[in-house]
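Subject: Structure for you to look at

Hello,

Here is the structure I said I would pass on. Please open it first, and then read the notes below alongside it.

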Amino acid sequence: MPTPTRDRPPAPLRPGPARRAPGPGGAQLVTFYLVAGLVMGGIWALNQGEPLWEHAVRLLVLLFVAAPLLHLARRRRTARHPEHRHRLSFVRLAVAKVVLIALALGAGWLLDGAMDHPDLAVAAGLTTVVSLLGPLLHHLLLVRAPEDACP
């Protein structure tokens, strides 16, 4: 009785060089959020002693001037690399920033009578929240790029 022949299993596919979509990833993303957190916390700390509404206005101006510039830069970069399938949602980013400022204002208001330098505590909190939670929640700020923009 002849032994049945078995087909040889296919060789495993050799992975080629990994092609990633352009954009911040990994250590670059963490560095970006660390710098953003340090800038936001630094601005809050440098303006210590000012009324809370002035803190909010300064930070909102920074966030809503810098964000559109970053958005334009990202859009140009995406146009050069059409395989990129996700883009930063300006609306989600704006909502996240307003929530962050509201939390900072609330913390400043709560800490105002409880400690000597509440602005420094809020600045440290802003830096920590943006630096640690930013990379973890970054994927929530992304949306799929429109199909007509991708070939």
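Axes are lines fitted to C-alpha atoms, for helices over the stretch in contact, and angles run from 0 to 180 degrees between N-to-C directions.

This is a predicted model, in which local features need pLDDT of at least 70 and side-chain atom pairs count only at pLDDT 80 or more, while totals for chains, interfaces and linings use all residues. Residues are numbered from 1 along each chain as its sequence is written, and side-chain values use heavy atoms, with hydrogens and water left out.

The overall layout

The chain has four helices and two strands. Helices (H or I, at least four residues) and strands (E, at least two) are DSSP runs, numbered from the N terminus. From that end the order is α-α-β-α-α-β. Of the 151 residues in the chain, 29% are buried; buried means under 20% relative accessible area, exposed over 50%, and partly exposed in between (1.4 Å probe, protein chains only).

Contact means heavy atoms within 4.5 Å. Among contacts between residues at least 6 apart in sequence, 75% join residues at least 24 apart.

Two helix pairs

Two packed helices are described by the angle between their axes and the distance between the axes. Helix H3 (residues 90-111) packs on helix H4 (residues 118-137) at about 150 degrees, with the axes 9 Å apart. H3 and H4 are therefore roughly antiparallel to each other. On the H3 side the contact is made by Leu100, Ala104, Ala107, Gly108 and Leu111, and on the H4 side by Pro118, Ala121, Val122, Leu126, Val129 and Val130. By class, this contact of H3 with H4 has ten nonpolar, one polar and no charged residues. Here Ala, Val, Leu, Ile, Met, Phe, Trp, Tyr, Cys and Pro count as nonpolar, Asp, Glu, Lys and Arg as charged, and the others, Gly among them, as polar.

The axes of H1 and H4 come within 8 Å and cross at roughly 165 degrees. That makes H1 roughly antiparallel to H4. The residues of the contact of H1 with H4 divide into 15 nonpolar, five polar and one charged.

The core

A nonpolar core is a set of buried Ala, Val, Leu, Ile, Met, Phe, Trp, Tyr and Cys residues joined through side-chain atoms within 4.5 Å. The largest one has 17 residues, and Met40, Trp44, Leu59 and Leu126 have the most contacts inside it. Helix H1 (27-46), helix H2 (52-80), H3 and H4 each give two or more residues to this core. Not counting residues up to four places away in sequence, Met40 touches Leu59, Leu63, Leu100, Leu126 and Val130.

Ser131 lies in helix H4 and counts as buried, at 13% relative accessibility. Leaving aside neighbours within four places in sequence, Ser131 is in contact with Tyr33, Leu34 and Gly37.

Ser89 sits in the loop between strand S1 (86-88) and H3. Ser89 is buried, with a relative accessible area of 10%, and, leaving aside neighbours within four places in sequence, is in contact with Leu141 and Val143.

Gly49 is in the loop between H1 and H2. At 68% relative accessibility, Gly49 counts as exposed. The C-alpha atoms of Gly49 and His117 are separated by 8.2 Å, and the two residues are 68 apart along the chain.

Regards

Methods:
Parallel < 35°, antiparallel > 145°, perpendicular 65-115°, else oblique.
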